[in-house]
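Please open the structure in a viewer and keep the selection tool at hand.

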Amino acid sequence: MIGEPRIGDVIGELLRDTLAVATGVGPRPLVGGRLPRPVIEIIERDDGLVNGAPAAHYLDGPEHWQPYDHRAVDRARGATLDVGVGAGRIALLLQERGVPVTGLDTSAGALDVCRRRGVRDLVHGTVDAHVADGRRYDTFLLLGNNLGLIEGRERAPGFLAALAALARPGAQVIAHGTDPYGTRDPVHTGYHERNRRRGRLGGQLRLRLRYRELGTPWFDYLVCSPEELASLVHDSPWRLTDVDDRDVPYYLATLRLRGR
C-alpha cells in the first residue's frame, strides 16, 4: 500500500540517528539487524524530483568545512544568532572562540542534539517568534545554504523585518547562498521556467524532507542569484554590502542594517 509520510520532526530524528551512528551511543538504524545504516536525508521537490544526501555532514568539524564556512565564521562579531543551528557545528566553534552565540531552530530534536554536543544557548522557534523574547544581536548567520529561509518574494519582507527587530544598531547578516542558474541540466532549467510561468523566482523551490516514515509539510526554500537577493533586500531594513563569490556557484552575502 502506498501512503503519505507521517508528519513529524524529520531533522530532529535524522540528526539523533546520525549522532548515534557517529558515537555508537543510543539506538540507531541497522542493516540486517547488525551493522549501522548510513542516515540519508531525502529531499523531494514538487515536480517529482527526489534527491538523497548523507546526513553525516551536519556533524562535520571545521577540518571538513568548505572555505566559505570558515570565511563566514571569521566575520562573526558580538552577540551572534545562528539561524537554523542544526546539529550545532557552527555554534560549537564560535563558543570555542569565546563568541557569545545563540542557536535558533524550529526542530526540538535538533536542539536536543545540540545540547548533547555541548551548545549552551539555544532557542526553539522562528525568528518572528524570537522577537518577543527581547534579545538583540550584532550578527546573524544563515549558513548551510540557509539564505533559503527567505523563501521568496512573499516571505522576504517579513523575514528581513524580523531580523531587523532582533538587531542592534550596525548589525550584520552573513548568509550562504547558491546561484542556481549556471546549470544546463534540463531537469533544473525546466523547473526554473515552470516557476517563472507561475510568477515565482526561478530557484524558488517547493520541497519536503523525508526520513524513514516521517515527512515535513511542503515548504518554500529559495535558491537565488546575488542579483535577485539585491532586489529582495532593496526595500527592507537591510542593504546588501558585499557578495563573496570566490567559490562559485556558492557565495556569501553580507547585509548591513540601515541607519536608524
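At what angle do helix H1 (residues 10-23) and helix H4 (residues 108-117) pack, and how far apart are their axes? This is a predicted model, in which local features need pLDDT of at least 70, side-chain atom pairs count only at pLDDT 80 or more, and totals for chains, interfaces and linings use all residues. Residues are numbered from 1 along each chain as its sequence is written, and side-chain values use heavy atoms, with hydrogens and water left out.

**First selection: H1 and H4.** The two helices pack at an angle of about 30°, and their axes are 7 Å apart. H1 is therefore roughly parallel to H4 (angles under 35 degrees count as roughly parallel). Helices here are DSSP runs of H or I with at least four residues, and strands are E runs of at least two, numbered from the N terminus. Axes are lines fitted to C-alpha atoms, for helices over the stretch in contact, and angles run from 0 to 180 degrees between N-to-C directions. On H1, select Ile11, Gly12, Leu15, Arg16 and Leu19; on H4, select Gly109, Ala110, Val113, Arg116 and Arg117, which complete the contact (heavy atoms within 4.5 Å). These residues divide into five nonpolar, two polar and three charged, with Gly counted as polar.

**Next: Gln95.** This residue lies in helix H3 (residues 89-96). Gln95 is buried, with a relative accessible area of 13% (buried means under 20%, exposed over 50%, with a 1.4 Å probe and protein chains only). Leaving aside neighbours within four places in sequence, Gln95 is in contact with Val101, Gly118, Val119, Arg120 and Asp121.

**Next: helix H8 (residues 226-233).** Colour Pro226, Glu228, Leu229, Leu232 and Val233, the buried residues of this helix. Viewed down the axis of H8, they fall within an arc of 155° and so line one face of the helix; the arc is that of the directions from the helix axis to the C-beta atoms. Glu227 and Ser231, on the other side of H8, are exposed. The buried residues of H8 pack against helix H6 (156-165) and strands E13 (219-222), E14 (238-247) and E15 (250-257).

Is Thr254 buried or exposed? Thr254 is buried, with a relative accessible area of 4%. Not counting residues up to four places away in sequence, Thr254 touches Arg75, Gln172, Val173, Ile174, Arg239, Leu240, Thr241 and Asp242. For a distance check, pick Asp185: Thr254 and Asp185 are 69 residues apart in sequence and 29 Å apart in space, C-alpha to C-alpha.

How values were computed: Angles under 35 degrees count as roughly parallel, over 145 as roughly antiparallel, 65 to 115 as roughly perpendicular and the rest as oblique.
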